[in-house]
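Open the model in your viewer and keep the selection tool at hand. The stops below are meant to be taken in order.

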Amino acid sequence: MTLAIVLAAEPAAGRLNGESLTERLAAQWRRAGADDVRVAADLAELADLVAAATGPVLVSGADLVAHTAVLKHLATSPVGPTVALVLTDPPAPGQATVREERGQVVEVCAADASGVFGGALRVGAADLPALADAARHAAGAVPDAPPFDQAGPPAPDAPGAAGGGPLGAVDRLVAGLAARGTLIFAQRVRLLVAHRVGDEAQRKAAEAAVAAVDEDRAELKLSVKERDDFFTTFFVSTWSPYVTKAAARIGIGPTGVTMVSVAFAVAAAVLFGVGERPALVAGAILLYLGFVLDCVDGQLARYTRHFSAWGGWLDTMADRFKEYVVYAGLGFGATHAGFRYGWALALAAMTLQTVRHMTDTWYGALHDEAARRPKVVSADAGGIGGKLNAASTRVQADTGSVSYWLKRTVVFPIGERWALIAIAAALFGPLVALVAVLVWGALAFAYTGGLRTLRARWMRVPVLTTVDAGLHRDDGLLARTLPVARRPLLLAVLAALGAAGTLVWALLAVHGGGDLPVWVPVLTLVLLLGAAQASRAPHDGSLDWLVPAALRAAEYLFAIAVGVAGRAPAWLIFGYVLVLTLLHYDLTARLEKRQSAPPLHAATLGWPGRSLLLAIGLIAGYASIALATLGAYLLVVFVASVVLAWVVLPARARGGVRSPG
């Protein structure tokens with residue numbers, strides 16, 4: 001149940017048409033989806049209400065005039081459990097300024113502010129004790145304790161950083177929450193209207209601004225991402241909102257749109273496999289339409305505010321499955337056209353893209369951690385990392401410039417990948433499409449990897465010390481039974497190089513008509529197990545964020561080498577690696593959303609255990625059987641884990657049986 005509290009301690013502006021701001025906000029919170037709405041006379045009463053709450057709590061002062069959609073967006077924001085409204089209005093006396101980076105509020109009452117607190121926030125259930133404690137301290141209900149931590153913002157009777165005078169009650173509340181280390185995300189207001197008012201004239205002006213905006217039209221525009229990639233911005237988002245509006249009217253949900261998008265991608269993959277020119281052109285058209293629907297499902301979720309953990313997970317998994325099944329279609333098509341290594345190119349494209357995504361995930365975590373430690377980030381502003389960071393910030397701020405679009409395009413995002421595949425396949429065929437994807441993807445990986453390595457050394461943030469590194473790396477039971485070793489990055493790199501070397505040796509041996517010497521996979525397996533020893537070592541190096549991606553590369557390359565050396569069918573090798581990617585994206589998607597590991601994660605054996613089984617199969621002369629058996633087992637575990645996580649366990653929690661929707 002969601003509780004909304006209007007804090008009436010603020011001096012609300014006068015009544016308009018017989019309605020006070022407190023009454024108006026209470027009614028708006030109900031329309032925004034709050035199950036229970038209360039009015040608290042002061043912070044002490046608010047603290048008591050929060051202490052009794054069991055679900056998310058919505059809090060606002062009594063000086064906020066805004067569209068109901070603004071409050072609804074705050075209440076349903078998927079960015080994090082605790083979210084604060086942030087405005088760009090000139091700060092008024094008593095209002096807390098904020099500084100945000102990468103969507104996080106990293107400082108309240110900041111001298112170098114990027115906005116002003118908008119007088120409303122949503123606090124997740126896990127952060128409610130901190131909210132109640134902050135309210136009691138701000139109210140002076142704990143006289144023998146300071147109102148804020150020493151490193152926090154000023155005391156309630158100290159001048160606020162937003163123009164002088166003491167901070168207002170709701171501003172003291174958010175400042176105290178931030179001082180307790182709560183991770184607060186920022187909810188910006190765009191196209192809609194939200195203002196904090198202090199007198200009747202300001203209220204009337206804000207009411208007029210609200211009335212001047214068509215709320216539904218603004219929400220439809222807001223369903224499109226504010227910053228997207230070049231192809232998506234100019235060739236999809238120019239007309240996809242019309243599809244979004246139509247889908248909302250006929251009652252199709254985001255999940256339904258996602259499934260239609262998957263069907264389009266599968267059909268495109270089949271047509272790419274056929275290889276004839278009409279089929280290639282039709283496949284390119286279906287691929288483009290599938291990508292449009294891939295954008296529509298997110299726009300529809302934002303427009304209807306139907307967010308769920310299931311929907312986010314499904315969108316992530318569907319995106320990867322669609323892309324990789326298209327690679328399979330291109331690989332089959334290239335092989336069918338007479339190119340011997342079509343499946344090899346498809347495998348290379350899938351492996352490269354998965355490793356790139358793993359580095360994206362961990363660099364994002366590193367950057368988020370750095371944003372919460374501003375002193376660490378600014379320690380070496382004059383070095384190359386600091387200069388690169390400053391340059392990147394300038395380019396990102398220059399929205400619409402040539403340098404801005406070049407930066408967003410050179411990294412080869414999904415829109416550009418799908419556009420390149422569609423155009424290259426339709427005009428030149430599957431082989432050219434795969435080669436183009438590999439070349440651009442490799443260049444983008446080199447570009448982003450080089451720059452991120454320099455910036456990561458400059459940040460000096462040991463991001464992996466704050467998480468379960470063994471779980472994120474998918475080490476499994478075998479790694480936990482090995483003795484602990486130091487230097488995780490070095491061992492991960494050695495494992496990746498060993499796996500790559502085995503693959504090259506296997507390719508050369510098979511191409512020459514010979515067999516792979518037994519000692520080669522054994523040596524590589526020793527290197528892999530050596531890397532597994534680092535699972536419990538401290539990941540406090542500036543480059544240790546690369547470890548999970550390096551180990552993904554090592555496992556995939558070793559599995560491919562086993563298949564090549566054992567002369568397994570190319571489609572079987574591709575299928576096995578595809579199952580591995582599904583397992584890894586499932587794990588990553590859940591961890592990114594701060595959820596627990598998949599229910600049957602331990603049954604996937606970990607990458608060392610899987611590699612050991614494949615090595616045994618190769619040495620015994622049954623590589624194909626090992627790949628097929630282990631792949632089928634992992635697929636069954638994956639499907640069972642999905643059913644448990646999204647159907648069985650939620651149904652038990654609800655006391656009934658329903659499917660996720």
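**Stop 1: strand E1 and its partners**

Select strand E1 together with strand E2 (residues 36–40): the two run parallel and are joined by five bridges. Keep in mind that this is a predicted model.

Because five of the five residues of E1 (residues 3–7) are buried, the strand is largely enclosed by the rest of the structure.

**Stop 2: helix H7**

Move to helix H7, residues 215–222. At its start, a side-chain oxygen of Asp-214 comes to within 3.2 Å of the backbone nitrogen of Asp-216. Which residues of H7 are buried? They are Ala-218, Glu-219, Leu-220 and Leu-222. Show helix H3 (68–76), helix H9 (240–250) and helix H11 (277–304), which are among the elements covering those buried residues.

Now centre on Leu-220, which lies in H7. Why does Leu-220 count as buried? Its relative accessible area is 17%, and the cut-off for buried is under 20%. Leaving out residues up to four places away in sequence, Leu-220 touches Pro-241, Thr-244, Lys-245 and Tyr-303. Lys-245 is 25 residues from Leu-220 along the chain, and their C-alpha atoms are separated by 7.4 Å.

**Stop 3: the largest nonpolar core**

Select Phe-272, Trp-313, Tyr-327, Phe-574 and Tyr-576, which touch the most other members of the 110-residue largest nonpolar core. Helix H23 (residues 547–565) gives the most to this core, with 13 residues. A second, separate core has 38 residues, including Ile-5, Ala-40, Leu-43 and Leu-131.

Zoom in on Tyr-327. Apart from residues up to four places away in sequence, Tyr-327 touches Ala-346, Ala-349, Met-350, Arg-417, Ile-421, Leu-434, Val-437 and Phe-574.

**Stop 4: helix H23**

Finish on H23, where 19 of the 19 residues are buried. From first C-alpha to last, H23 reaches 27 Å, close to the 27 Å expected at 1.5 Å a residue. After the helix comes Arg-567, whose phi is positive, near 55°.

Note on methods
Residues are numbered from 1 along each chain as its sequence is written. This is a predicted model: local features need pLDDT of at least 70, side-chain atom pairs count only at pLDDT 80 or more; totals for chains, interfaces and linings use all residues. Side-chain values use heavy atoms; hydrogens and water are left out. Buried means under 20% relative accessible area, exposed over 50%, partly exposed in between (1.4 Å probe, protein chains only). Helices (H or I, at least four residues) and strands (E, at least two) are DSSP runs, numbered from the N terminus. Contact means heavy atoms within 4.5 Å. A polar contact is a pair of N or O atoms within 3.5 Å; within protein, one must be able to donate a hydrogen and the other to accept it, and residues adjacent in sequence count only if both atoms are side-chain atoms. A nonpolar core is a set of buried Ala, Val, Leu, Ile, Met, Phe, Trp, Tyr and Cys residues joined through side-chain atoms within 4.5 Å. The expected span of a helix is 1.5 Å times one less than its number of residues. Two strands pair if DSSP finds at least two bridges between them.
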